[in-house]
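Hi,

Here is the structure I said I would pass on.

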Amino acid sequence: MTPPNHRMGVVMLCHAALDRAAQLARHWAMHGCPVVIHVDAKTPQDQFDGLQTALHDLPDIRFSPRSPCEWGSFGIVQATLDACAVMLAEFPQVTHVFLASGSCLPIRPVGALQAQLANHPDTDFIESVTTADVGWTVGGLNEERFTLRFPFSWKRQRRLFDGYVTLQRALRFRRRMPEGLVPHLGSQWWCLTRPTLQAILSHPDRPGIDRYFRRVWIPDESYFQSLVRQVSSRIESRSLTLSKFDYQGRPHVFYDDHLHLLRQTDAFVARKIWPQADLLYRTFLTPDGDRALASEPSPGKINRLFAKAVERRVKGRPGLYMQSRFPIRARGGTQSAAPYGVFSGFSDLFRDFHPWLERALDARVHGHLFAFDRVEFAGGESIFKGGLSDSPTLRDYNPRSFLTNLIWNTRGETQCFQFGPTDEQDIAPFIASDPNATIFAITGAFAVPLWRSGRTAAEVRPAAARLQKVESDFLAELTGPEAKARVRFWSLTEFIENPAEPLEQLVDLLNPRAAHRATDLPQLLPLSGFGSFLQDLRNQGMAPVLMGDFPSDAELAQPEQPFARPRIVR
Amino acid sequence: MASRGATTRGAFPGGLPHASAIGELEDWPKGLTGALLALKLRARRQQLLLRALRSRRELTPVIDRTAQIAPGDVLCFLCIRNEAHRLPHFLRHHRALGVKHFLVVDNASTDGSDRLLSDQSDVSLWQTGASYKASRFGMDWLTWLQMRHGHGHWCLTLDADELLVYPYCQTRPLQALTGWLEVQGRDSFGALTVDMYPEGPVSQGAPGPDDDPIRHLAYFDPGNYQVQVQPRMRNLWVQGGARARAFFADAPRRAPTLNKTPLVRWHWRHAYVNSMHSLLPPRLNQVYATDGGELTSGVLLHTKFLPGITDRSAEEKQRGEHFADAAQYAAYFDRLTADPVLHWAASTRYTGWRQMEALGLMSRGGWI
């Protein structure tokens, strides 16, 4: 049992769910801790009476005078001060005072907490950090909490609150701080020694300090945290209470399914506990008989869990568009879930480009996903992962959802697809503005299938002109002001001069880890005769420009089998 | 009630405003444009409230237990017709989630749904023989009941073939969710309707009214939902899933809308505009984060494809009460009547809310 010269008292601030508060007070009292309860003045009187009746059999419970406690106001500090005064006066044997709320649940045996205090008889456990080092404040109010005035309620008078802050900033208004006060912030929940608390209560400049803090914002997180720096002999800057906040500074609530989690913390008390979390109250409020701890504390795990929740709320899962995530244009609205490759012109020039790309990149290689007549999924599938259908009508109804779904459904596997001027172009602006897209284009390659179709230049001229226009528009999109995709393009002429280098580049870009993989290069179609086809197109009155200055047949020094021997990429 | 609300044409007779695809949504309009739009939507809302007020005369109370409703109770509003085989499980599911009172409009059931409902101690029942279509697919009736009884409560408005699933729903009641939403300053909660279907033809199998229909309708489409936003009311417009690919592959624009806002902290001034897909005032439609983050959301498991579906579709086609332009949907009802198999290679077996979250069909948001 705790040595009689080290005794902990508990100050409880309550405003709602007083049945739970009664349960908690009884638990503290049964374990030898005197309790002083402060109940918010706004809580209905009958509830307060009920609380008093419920606890009337316990000798070591007192009620401090009721006063209003509004969030973020000095009322909470006043209530704490009043209750502490009652505690120190009524229970002379109390050496430490633990500040708790009506929803703070002791999650380790009270005996363990008492032993911790007995081992550190002169230590004040209070989180107290200078304003410069605080990372958790929300809304940009940090040091300004102390240098501006906050006469308006943040919850009820938000406009006045915000307006007054703006006004003071504009006027460069700054308050003078009381002599010797260095602002510190920290968790509202602390455990202080009697001498420290006594020194704060009987501080020579207490009226001045109280007056100052009455206009500080959220003084319950700074009053004791600052004053303790003046009066304490030994501070351990951490709270014994586990208390987690979301990214906007609102406290997280613990539910029954957190039981396992709470058993892993190194804190002694947790808040806030949901009033209806019967299992938690039942488990932790059983007369503990110094109940053994279920597991070793691992607070890092809890911190990671909460950090992940903040990330999910603030950043979300990129590339996911659904009923609770739909970023506007300015906030990453054009981003898919993972990097992917878009290839234009390659399959027109190489006989076996798909299998080669699959081998070289270790990726899923689709055909023309946006072909007019059919969605060409890899392997000619008619249904793809997640339930995407090969119906072009379904795809074209919302091509952006189609593509983001495809990339989302295949997380963990790189996707590649062919895209050219013969395809449905609605998706082009999205691809161009998606930072996850890497686009490789051989411009002018669309003319090769036209040439190979065996039709005359006169017959294909309209088609060639149209495709050239479509491709120029696509290229303009890729180089436009909104473009965020990684883009590499070569004119057909540039490309056939040295096809190996672009292919090596794209392997490097899309699959850097494959750098040392041995692989052959795909087979280039023989292009002798293409030069005269282009000349025929010119003779028909069209100006084929995207191919570059394609050499005439005589100049075309293209070997019959350009890469007959296997080559090593890099 | 099953199958309704495939288009918003009923709400906007002049045709749909343009919808913003992914990456196209801009911020709220500011200045005069914004003010004019707000005024127009206000007028629309007042008109809806007036309709609801008038429609109250069509409702005859069968049993009114609304005196039992206590402050803070979560209420469930429902409009049904011949749902006796779904109701027992529907009531049990939502009771277990923490719904304290069900307020039901029975649109001339003939299968004993009314008796079944009036025997429940937490159900208040109204009856009407008036036209479902003329009542904006039951919404006028429900809006009246919500105005009268929903004010200040979190109200869950559902169809009898929908089962709500939200993060942690196995361990935390609705009151935990609504408490979290209140702390977050949110008055509405979004959900995606997910069509559930069996492994074989939809007419086969015989799950009883007390069985969990999801044991029979165990499959769904995991990743083919199309998202847009209608900028006028900022409401989502999600389509896709099994019905879109099986019945609307040739006319995807007409495919059923799947996003709903079923859970709302009600004020008597609120009104659903188009089924539960959109509401006024428009801020209630903002159930999604626009800053890249995720808000907390759920799914509605859609149990439409229980064995009775083929007969029911034939009847619904004949009644013509389910779509504003029923003729357009004749082919849809015909395909349903033809006993289709919806299961295909990409179908996924349902295992629970964590699976739905991992697939990106719902989200915990910042809730832990």
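To get you started: in which sense do strand S13 (residues 340-344) of chain A and strand S17 (residues 415-418) of chain A pair, and over how many bridges? They pair in the parallel sense, over four bridges. One residue pair to look for there is Val342(A), which stands opposite Phe417(A) in S17(A). Please keep in mind that this is a predicted model.

Those two strands belong to an open sheet of five strands in chain A, with parallel pairing and the order S14-S17-S13-S18-S19. At its edges stand strand S14 (364-368) and strand S19 (486-491) of chain A; each has a single partner strand, so one side of each is left without a neighbour in the sheet. From one strand to the next, the twist averages 15°.

Chain A also has an open sheet of three strands, ordered S5-S12-S11, and here the pairing is mixed. Strand S5 (105-106) and strand S11 (241-243) of chain A each have a single partner strand, so they are the edges, with one side of each lacking a neighbour in the sheet. S5(A) runs antiparallel to strand S12 (residues 269-271) of chain A, and two bridges join them. Within that pairing, Ala270(A) in S12(A) is the bridge partner of Leu105(A).

Lys272(A) sits in the loop between S12 and helix H11 (278-284) of chain A.

As for the overall layout of chain A, the domain assignment gives domain 1 (8-314) and domain 2 (334-539). Their C-alpha centres lie 61 Å apart.

Now to where the chains meet. The contact takes 52 residues from chain A and 54 residues from chain B. On the side of chain A that touches chain B, the elements giving two or more residues are helix H12 (299-314), strand S16 (388-389), helix H15 (392-397) and helix H16 (399-409) of chain A. H12(A) gives the most, with seven residues. By residue type, that side of chain A divides into 20 nonpolar, 19 polar and 13 charged.

Over in chain B, strand S3 (residues 99-107) runs parallel to S4(B), and six bridges join the two. Val104(B) stands opposite Leu125(B) in S4(B).

Helix H2 (residues 87-97) of chain B has several buried residues, including Phe90(B), Leu91(B) and His94(B). The elements that its buried residues pack against include S3, H3 and helix H5 (174-183) of chain B. H2(B) is followed by Gly98(B), whose phi is positive, near 115°.

Most residues other than glycine have a negative phi, and most peptide bonds are trans. Arg136(B), though not a glycine, has a positive phi of about 50°, and with 25 C-beta neighbours inside 10 Å it counts as buried. Arg234(B) has a positive phi of about 60° and lies in the loop between strand S9 (225-230) and strand S10 (235-240) of chain B. The peptide bond from Leu280(B) to Pro281(B) is cis, with omega near 0°.

Cheers

Conventions
Residues are numbered from 1 along each chain as its sequence is written. Chains are lettered from A and ligands numbered from 1 in the order in which they are written. This is a predicted model: local features need pLDDT of at least 70, side-chain atom pairs count only at pLDDT 80 or more; totals for chains, interfaces and linings use all residues. Two strands pair if DSSP finds at least two bridges between them. Axes are lines fitted to C-alpha atoms, for helices over the stretch in contact, and angles run from 0 to 180 degrees between N-to-C directions. Two residues are in contact if their C-beta atoms, placed from the backbone, lie within 7 Å. Ala, Val, Leu, Ile, Met, Phe, Trp, Tyr, Cys and Pro count as nonpolar, Asp, Glu, Lys and Arg as charged, and the others, Gly among them, as polar. Domain bounds come from an automatic or database domain assignment. A residue is buried if 20 or more other C-beta atoms lie within 10 Å of its own, exposed if 12 or fewer, and partly exposed in between; C-beta atoms are placed from the backbone.
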